[in-house]
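Here are my notes on the model, as numbered points. Please keep the structure open while you go through them.

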Amino acid sequence: MSKDLDRSRPVWRQVAEIISRRIADGTYAPGDRVPGIVELSAEFGIAASTAQKALAHLRNEGIVRTELGLGTFVSDSK
């Protein structure tokens with residue numbers, strides 16, 4: 001697990017927060033592809049299920065959208 005993550009809080013939530021911050025600071029702009037499950041697992045040293053839960057949370061919040069077979073993308077600004 002990445003040294004940037006704190007075991008005292010749910011890891012999936014921390015990963016979701018990191019991606020949200022990257023979106024807010026412009027690292028990922030509307031329409032940009034965000035790292036997928038395999039990439040997040042490798043970057044943070046987490047299980048695929050944890051990465052999947054982080055992306056699902058962001059999707060439920062409307063922050064990202066997933067296109068089957070293409071990946072996960074930052075939702076367009078409203």
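1. Which side chain makes a polar contact with the side chain of Arg22? That of Glu43 does, at 2.5 Å. A polar contact is a pair of N or O atoms within 3.5 Å; within protein, one must be able to donate a hydrogen and the other to accept it, and residues adjacent in sequence count only if both atoms are side-chain atoms.

2. A word on the source. This is a predicted model: local features need pLDDT of at least 70, side-chain atom pairs count only at pLDDT 80 or more, and totals for chains, interfaces and linings use all residues. Residues are numbered from 1 along each chain as its sequence is written, and side-chain values use heavy atoms, with hydrogens and water left out.

3. Back to Arg22. This residue lies in helix H1. Helices (H or I, at least four residues) and strands (E, at least two) are DSSP runs, numbered from the N terminus. Arg22 is buried, with a relative accessible area of 19%. Buried means under 20% relative accessible area, exposed over 50%, and partly exposed in between (1.4 Å probe, protein chains only). Leaving aside neighbours within four places in sequence, Arg22 is in contact (heavy atoms within 4.5 Å) with Thr27, Tyr28, Glu43 and Phe44.

4. Now helix H2, residues 37-44. Leu40, Ser41 and Phe44 are buried there. Seen down the axis of H2, the buried residues fall within an arc of 100°, so they line one face of the helix. The arc is that of the directions from the helix axis to the C-beta atoms. Exposed Val38 and Ala42 sit on the face turned away from the buried side. The cover over the buried residues includes helix H1 (11-24) and H3. Just after H2, Gly45 takes a positive phi of about 65°.

5. The sheet is open, with 3 strands in the order S1-S3-S2 and antiparallel pairing. Two strands pair if DSSP finds at least two bridges between them. S1 (33-34) and S2 (64-67) are the edge strands, each pairing on one side only. Helix H3 (residues 48-60) packs on the sheet and touches S1, S2 and S3. The direction of H3 makes about 110° with that of S2. Axes are lines fitted to C-alpha atoms, for helices over the stretch in contact, and angles run from 0 to 180 degrees between N-to-C directions.

6. S1 and S3 (residues 71-74) pair over 2 bridges, and Arg33 stands opposite Phe73. S2 and S3 pair over 4 bridges, and Val64 stands opposite Val74. Their hairpin has 3 residues between the strands, and Gly69 takes a positive phi near 85°.
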